[in-house]
Amino acid sequence: ATSTKMQTPLIMLSKVLLVSSLGAAAAFAPGAMLPATARRTPATSTKMQLWDDGKSQGTGVTAIPFAGRPETPAFDGTWVGDTGFDPLCISGNLDMKFLREAELKHCRVAMLATAGAIAQDLFSFPGAKAVLGDAKMTALHDVAVSKGSMGQMLFWIGIFELFGGVAIVQMCTDETNTRKPGDFG
C-alpha cells in the first residue's frame, strides 16, 4: 500500500512534465502552411496601412525620417512590414535568410524565458529547492551562476546551437535548399 501511495505523485509528476515538455516543444513547431495551389498570389505588392492616413508600407515609408531608407536589396518594398528600419545597414552585410532565422530564434527564446520567469515564481519544482533555495527571479539567476547551473545550461545550449548552425549554413549557401528560416520540422 505504501508503494502505491508513493507512485501516484510520481506518475502525476511525470505526466505533468511530459505535457509541459510538449507545450514547450510546440513553440518550435513550424506554422501551418497551405498547399501551393491553395495560396493566392497577390497581383501587386502587399500594402499595409500604418499610423497615419495615406502612409503605407514599402518604398514610400521611412522609419527614421532624417536617416532615409537603407539602400539594400532587402528593402525593396515587397516584404510585409517593410518600413525601412535598418539604421546600421545590417541587411546589406548579411544574408536575409540568416537575419530572419536569428529573429525567429530570438523571439522563441524570449517567449520561453518569459514563461520560465513566470513559472519559477509560481511553481516549486522537485529538487530545485535543495539546490537553489527560495530565490526568485534575479536572485535565482545569481544563485544559479554561483552553483554552476548557468554554465551547464550555456554548454548544452551551445551544443544545440552548433547543430543548428550547420542547418543555417546549408540554408544560406545552398540555393537548392528549400528550408525556410525558422523551420526545424
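Predicted model: local features only at pLDDT ≥ 70, side-chain atom pairs only at ≥ 80, totals over all residues.
1. **Helix pair.** Start with α2, residues 96-122, and α5, residues 149-173. Their axes come within 10 Å of each other. The crossing angle is roughly 145°. In handedness, the crossing of α2 past α5 is right-handed.

2. **Who meets whom.** On the α2 side, look for Lys97, Phe98, Glu101 and Lys105. On the α5 side, the partners are Glu161, Ile168, Met171 and Cys172. By class, this contact of α2 with α5 holds four nonpolar residues and four charged ones. It has no polar residues.

3. **A loop residue.** Now turn to Thr72. It sits in the loop between α1, residues 2-26, and α2. Is Thr72 buried or exposed? Its relative accessible area is 11%, under the 20% cut-off, so Thr72 counts as buried.

4. **Partners of Thr72.** Set aside the neighbours within four places in sequence. Thr72 is then in contact with Ser91 and Gly92. With Ser91 there is also a side-chain link: a polar contact of 3.0 Å joins the two side chains.

5. **Cysteines.** How many disulfides does the count give? The count is zero. Cys89 has a relative accessible area of 33%, so it is partly exposed. Cys107, at 40%, is also partly exposed. Both values fall between the cut-offs of 20% and 50%. A further cysteine, Cys172, belongs to the α5 side of the helix contact in point 2.

Definitions and conventions. Residues numbered from 1 in each chain as written. Heavy atoms only, no water. Axes fitted to C-alpha atoms, helices over the stretch in contact; angles between N-to-C directions. Helix = DSSP H or I, 4+ residues; strand = E, 2+ residues; numbered from the N terminus. Left-handed = near helix turned anticlockwise from the far one by under 90°. Contact = heavy atoms within 4.5 Å. Nonpolar A, V, L, I, M, F, W, Y, C, P; charged D, E, K, R; others polar. Buried < 20%, exposed > 50% of the residue type's maximum accessible area, 1.4 Å probe, protein only. Polar contact = N/O pair within 3.5 Å; in protein donor to acceptor, adjacent residues only side chain to side chain. Disulfide = S-S within 2.5 Å.
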